[in-house]
Amino acid sequence: EEHMLPAITGILARNGLHLNDVDRLAFHPGGTKVVTALERAFSLDQGTLVEERTVLADYGNMSAPTALFVLERIIADGLPKRTLLTAMGPGFTASSVSLLNAA
């Protein structure tokens with residue numbers, strides 16, 4: 001929770017972006033406590049990460065590829081203009097990809 005916001009803002013900054021440029025944060029839901037911590041870290045209302053919670057409830061944590069199941073649900077709901085998809089790995093590693101919907 002303490003390190004995720006600075007990590008993501010750093011990743012965005014290296015690409016000339018700010019958190020305000022992102023319409024939807026999409027995360028690898030490592031567990032219920034992780035999703036709650038992410039909502040707190042990014043000052044999101046509890047329950048904002050509904051797709052993450054749904055995927056977690058339906059499949060559990062399938063490691064970093066779980067983020068792709070979240071992305072699939074977000075696409076089905078209508079991909080926002082800019083989505084930042086983030087996966088977490090062992091220890092504290094985070095990878096992100098910025099998705100731009102040009103439609």
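In this predicted model, strand E2 spans residues 82-89 and is mostly covered. Seven of its eight residues are buried.

E2 pairs with two strands. With E1, the pairing is parallel and runs over four bridges. Within this pairing, Ala26 has Leu85 of E2 as its bridge partner. With strand E3, residues 93-100, the sense is antiparallel. Eight bridges join E2 to E3. One of the pairs here is Met88 with its bridge partner Ala94 in E3. E2 and E3 together form a hairpin, with three residues between the strands. Gly91 lies in the turn and has a positive phi of about 65 degrees.

Strand E1, residues 24-27, also meets a helix: the buried residues of H3 pack against E1. Helix H3 covers residues 50-59. Its buried residues are Glu51, Glu52, Val55 and Leu56. Viewed down the axis of H3, these buried residues fall within an arc of 135 degrees, so they line one face of the helix. An α-helix has 3.6 residues a turn, so residues three or four places apart point the same way.

After H3 comes Gly60. The phi of Gly60 is positive, near 80 degrees.

Methods
Residues numbered from 1 in each chain as written. Predicted model: local features only at pLDDT ≥ 70, side-chain atom pairs only at ≥ 80, totals over all residues. Heavy atoms only, no water. Buried < 20%, exposed > 50% of the residue type's maximum accessible area, 1.4 Å probe, protein only. Arc of directions from axis to C-beta. Contact = heavy atoms within 4.5 Å. Pairing = 2+ DSSP bridges.
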